[in-house]
Amino acid sequence: VERSIKRAVDFLLRTQRQDGHWEGYEGYGMGQSSLAVLALLNAGLKPDHPNVKQGLDYITRTRGSKTYEVSLQIMAMCAADPKKYERQIRSGN
């Protein structure tokens, strides 16, 4: 299991784009990026890890329009630092 988690983390770190996002399903880009950030945090990376920080910067400056995107964005912000992102979490974006 640990080897699989490491491979998944390596994949996510390798596939992150310059602006901090991950490509995904058409129309769900911010949700895909939020899910990647959440996965990295759950795998043990810290919010100040360069890739996680870049991903958090991307998802906090991008507005989601679908429930899927916004719910994953909120979950990622809660996992990273609920105090820091409290205003955005409460507003739903």
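Select Ser33. At 0% relative accessibility, Ser33 counts as buried (under 20% relative accessible area, with exposed over 50% and partly exposed in between; 1.4 Å probe, protein chains only). Ser33 sits in helix α2; helices here are DSSP runs of H or I with at least four residues, numbered from the N terminus. This is a predicted model, where local features need pLDDT of at least 70, side-chain atom pairs count only at pLDDT 80 or more, and totals for chains, interfaces and linings use all residues. Residues are numbered from 1 along each chain as its sequence is written, and side-chain values use heavy atoms, leaving out hydrogens and water.

Now show the neighbours. Which residues does Ser33 touch? Setting aside residues up to four places away in sequence, they are His21, Trp22, Tyr58 and Ile59. Contact means heavy atoms within 4.5 Å.

Next, select residues 50-61. This is helix α3, with 12 residues. From first C-alpha to last, α3 reaches 17 Å, close to the 16 Å expected (1.5 Å times one less than the number of residues). Colour its buried residues: Asn51, Val52, Gly55, Leu56, Tyr58 and Ile59. Seen down the axis of α3, they fall within an arc of 160°, so they line one face. The arc is that of the directions from the helix axis to the C-beta atoms. Their cover includes α1 (2-15), α2 (29-42) and α4 (67-80). Turn to the other side of α3: Pro50 and Arg61 are exposed.

Last stop: α4. Its buried residues are Glu69, Val70, Leu72, Gln73, Ala76, Met77 and Ala80. They cover an arc of only 165°, which puts them on the same side of α4. What covers them includes α2, α3 and α5 (86-91).

Technical notes: Helices (H or I, at least four residues) and strands (E, at least two) are DSSP runs, numbered from the N terminus.
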